[in-house]
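Hi,

Here is the structure I said I would pass on.

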Amino acid sequence: MNIYNYLLDYINDAALIIQVAWAMTILFIVIIIPLIIYLKYIRTHLRTQERSIAVYEKKYESYLINYLYAGNEDEEISKEQQVIINQLKNSVQEPYKRKILISVLVKLQNEISGETADSIQQLYFHTGLLQYALYRLRHKKWYVIAKGIRELKQFHIREVQDEVMLHINHPRREVRKEMQLYMVNLFYFEGLHFLDQLETPLSEWDQIQLLGALERLQSQNIFSVNSWLRSSNDSVVFFALKLAKIYNQFDSVDELLKLLHHSNEQVRIDSIGVLSYLDVLEAKEILKLDIAHRSLDEKIAFFKMMENLYQKTDEEFLVKYIHDENFEIKVSALKIFKKLNKEKFESLKFENADPYFLRIVNFLENN
Amino acid sequence: MNTFKNKFRNRKLSSIKENMKENQQYYELDAPKRAQNNSINNNQTDKSATKKVVLAEDNSLLLLLLKFRLQKEGYEILTATNGKEALELIQEHKPELVLTDIMMPFVSGLEIISHVRNKLKLETPIIIFSAAGQEEIVIKAFDLGATDFMSKPISPNELIIRVKKLLH
Amino acid sequence: MISTVAQIIIDLFHYLFFIYSISAIISYLILAYISAIETIEYKRKNSFVNYKEIMSSNISPSISIIAPAYNESLNIVENVRSLLSSHYVNYDVIIINDGSKDDSLQKLIEVYDLIEVDYLINEQIPTMPLRAGIFKSTNPAFEKLIIVDKENGGKADALNMGLNISKSKYVACIDVDCLLLEDSLQKMIKPFLEITDRTVIAAGGVIRISNSCIVKEGKLHDVNFPKKLIEQGQILEYIRAFLLGRMAWSRLNGLLVISGAFGLFDKKIAIQVGGYDKNTVGEDMELVVRMRGYMEEIKQKYKVAYIPDPLCWTEAPDNYKIFTSQRNRWTRGTIETLRKHRKIGFNPKYNILGMLSYPYWLFFERMAPVIEFVGILYFGILIITDKIKWDYAFAFIILAYLFTVFFSLIAIITEELTYHQYKKKGTGIHLITIAFLEPFVNHPFILYAAMRGNFDYYFNKKKKWGEMTRKGMAKA
């Protein structure tokens, strides 16, 4: 009691700052203790959850395998399969179990095609999982919508196209991306028509994923990319350039040649690359005219093109560049020069004593 | 949209309820048992000729599915979830066929091919699984001596046809 | 008269000290708060990203992993194998053997069937010359591997050689003993490809401590919480710095440091600014500051991104001698970088870099140990002259201590709610204990090392690199 009174007196008599300090100390103690308890709780909780997820995963994996083996050719759904569907229907009602079940289905759905994949899709219909994904599309939170679209994409639910398309101008990049992936994954080139209306930038990351989806497609019947090459959205132009290259769009050569004078430097550089890939000699002649006034990166891209499209008549033009300041241009020019005029190339060794230059010449001679 | 919903409802109605069984029944994996039964039936004529196949794939579920599917056809399946395990199995069991994913932890599918052809000097046929867009890797795999390739997503039925073709 | 002046000076000193402490605490709280927001956002955005698609696509941009090695013979073969097992498609691995005196090169040649190749180097950054040359494997399975054997020139020089050799658009500069998770490259490249309204010039990853972890077949097999307090203390320190500090700086786009153990750079810009600086021991921080400064000067919008996922695991010092020499080096690196780029500090032309990042780094990273040291010195003088007000001292020491513990606990809880790497039962109590002990077990050494760093920087210029002797990684 004495100590208590003493402390009380001490606090009361102390300076304000000391009182504040002690008050804060008590505050921190009051916060720290629950934090420790919470930490202990959260760790235990996470551990049990992980164990339970593993158990359910195993359970659903075996359900799935059994379901796939219970099918027969006569019926759409065999009796044995129906039993499994009914059992899973109960699980689906709990969000926690639903999530695990979906992850198990996806794990296989992504890697398999043909009848087995159709069979998994049937399971997705009949367990009612589809309904939950459809609810998600109308959710308020962007990440719920995005996840819903992704799920519908994974299970190839083509029938909800209209509802998914509603999100074409969603303010969140992630939702738009899922929408685009849905369209391309399920409708392939047909799905690309969203590009006509696209005003937001299509990032490199998005483009790679879209091209990946198209690559998985057997059919190579692409539509003309001309209108996209003319798009006012530069990112659509970049994407169209990639399409033109991958799908050998010789029909688009005229449009591509126009892009050599596009206002965006990177567009110009990329179109040089595509034209080179498509072996368009005309492009080389156009570029030769004003290459001296173009940017360094354009020049480098042009010389890469020359390596591919050189002709005997280019020799005179090239000689000017074998002593170019830029390493890449110099190497390109020398490389072509070697192929055009071996004799003269070899004589270069004696004309110039610059060790840096000789190093390149010697390397090219041996390789 | 509407037709789809109707279709969906019809399927729901046609559910067969009399077959409801105890929840636990399907918990145990009985597919392998059935697969084995099948294999015995299939191979009644030549029991000695059970062919060994090493299957390497890091997606455990796909591994399981393909394993059962192949067992059903009467092959003896040795499974590995990474490249290193696969190499050990190949060395130990000398299988008639190797099926391997390209992208695997630690030892890739390419290294498996290279090891089998160059170090073990075996002519065992090897089918590789690749993801879409990995043409370059597939070409490399053929350079190293791969026999055939299948692009993911894989159709199990197509796989069986290719395996049969190689083993007969 | 003199005594009143002295009193005013002392009072002023007290106030400054007090303001400094309060602003440090407030800045920590603000950073932690911003981190929380950013972490939630990051988790949401990436919860449905399919990294598999990017890795299997061959139009994904090329990346070179550049790893300098100096006398790493003990683990080099394993380390290279681990680097080669990334799941990204379009990448190569460039190992720079920086004049090692051991048998690293021999080992590599044997295991990976290497032969010397003719290679035309575009020498954009001057470096020490090649020694044995450049090697590639005859086995197509290792065709991503390039081994460069050069004369010793230090880490920065080796990295510069890598920049010259690489033909990729991006370079990942890492420590050779780092264990990268298989999906680390696609996670790191994502911001470069995704952000459209500005150029991403670099991305930094989280460094996790692999001491006591089990590494099997070049992969992280099992995460363990180490037993030694010094290791535990560092784990806590890393969690705090990476989850509560850098995450916030990334949101503010004010990140100054990318850990040298794992960072991804736009190669063109890195070369444009001249590559790594050989004259500093803090070459990792210096390069980022220089690249940022360059982008500000050419007035281009840019970002230094940060990936909070645990992608890179590395061994941390497990004894105080190496620990203090490492921190000594870090201190000197910071001082050198800040001094070299003095013109950036408090210069509104450099926006956030000049007005926020630099000043913060100067006051709360560079000056913190110095101010703490002065405080302790002053405290000692007061004790000796018996002028100390024990009630003040007592109240504030306890308060400061509790704040540290509180902050550490918040960091641990963040870790549990996000990445939860230390899953094992029984680790929780160790985590809590170290939150209480860390101020006593590691902090004094950090302070000591920082002061030594200051001393060495100003009075002992010849000080060489602190060498880190490595033990073999724990193997199963």
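One contact to start with: A:Asp297 makes a salt bridge with C:Lys268, and their closest N and O atoms are 2.6 Å apart. Keep in mind that this is a predicted model.

That pair belongs to the interface of chain C and chain A, where the count is four salt bridges. The rule also finds 11 residue pairs in polar contact across this interface, with both residues at pLDDT 80 or more. On the chain C side, five helices each supply at least two residues: helix 1 (2–46), helix 2 (51–56), helix 6 (184–194), helix 13 (390–418) and helix 14 (427–441). Helix 13 of chain C gives the most, with 17 residues. By type, the chain C residues that touch chain A split into 31 nonpolar, 15 charged and 10 polar.

As for the extent of the contact, 52 residues come from chain A and 56 from chain C. Together the two chains bury about 5,000 Å², and 69% of that is on carbon and sulfur atoms.

Now chain C by itself. You'll find 15 helices and 12 strands in chain C. Its radius of gyration is 23 Å, close to the 23 Å that the globule rule gives for 476 residues, so chain C is as compact as a globular protein of that length. The C-alpha trace of chain C spans about 80 × 50 × 45 Å along its principal axes. Of the 476 residues in chain C, 60% count as buried. Among contacts in chain C with a separation of 6 or more, 80% are between residues 24 or more positions apart.

Cheers

Technical notes: Residues numbered from 1 in each chain as written. Chains lettered and ligands numbered in written order. Predicted model: local features only at pLDDT ≥ 70, side-chain atom pairs only at ≥ 80, totals over all residues. Heavy atoms only, no water. Contact = heavy atoms within 4.5 Å. Buried area = accessible area lost by both parts, 1.4 Å probe. Salt bridge = Lys/Arg side-chain N within 4 Å of Asp/Glu carboxyl O. Polar contact = N/O pair within 3.5 Å; in protein donor to acceptor, adjacent residues only side chain to side chain. Helix = DSSP H or I, 4+ residues; strand = E, 2+ residues; numbered from the N terminus. Nonpolar A, V, L, I, M, F, W, Y, C, P; charged D, E, K, R; others polar. Rg over C-alpha atoms; globule rule 2.2 N^0.38 Å. Buried < 20%, exposed > 50% of the residue type's maximum accessible area, 1.4 Å probe, protein only.
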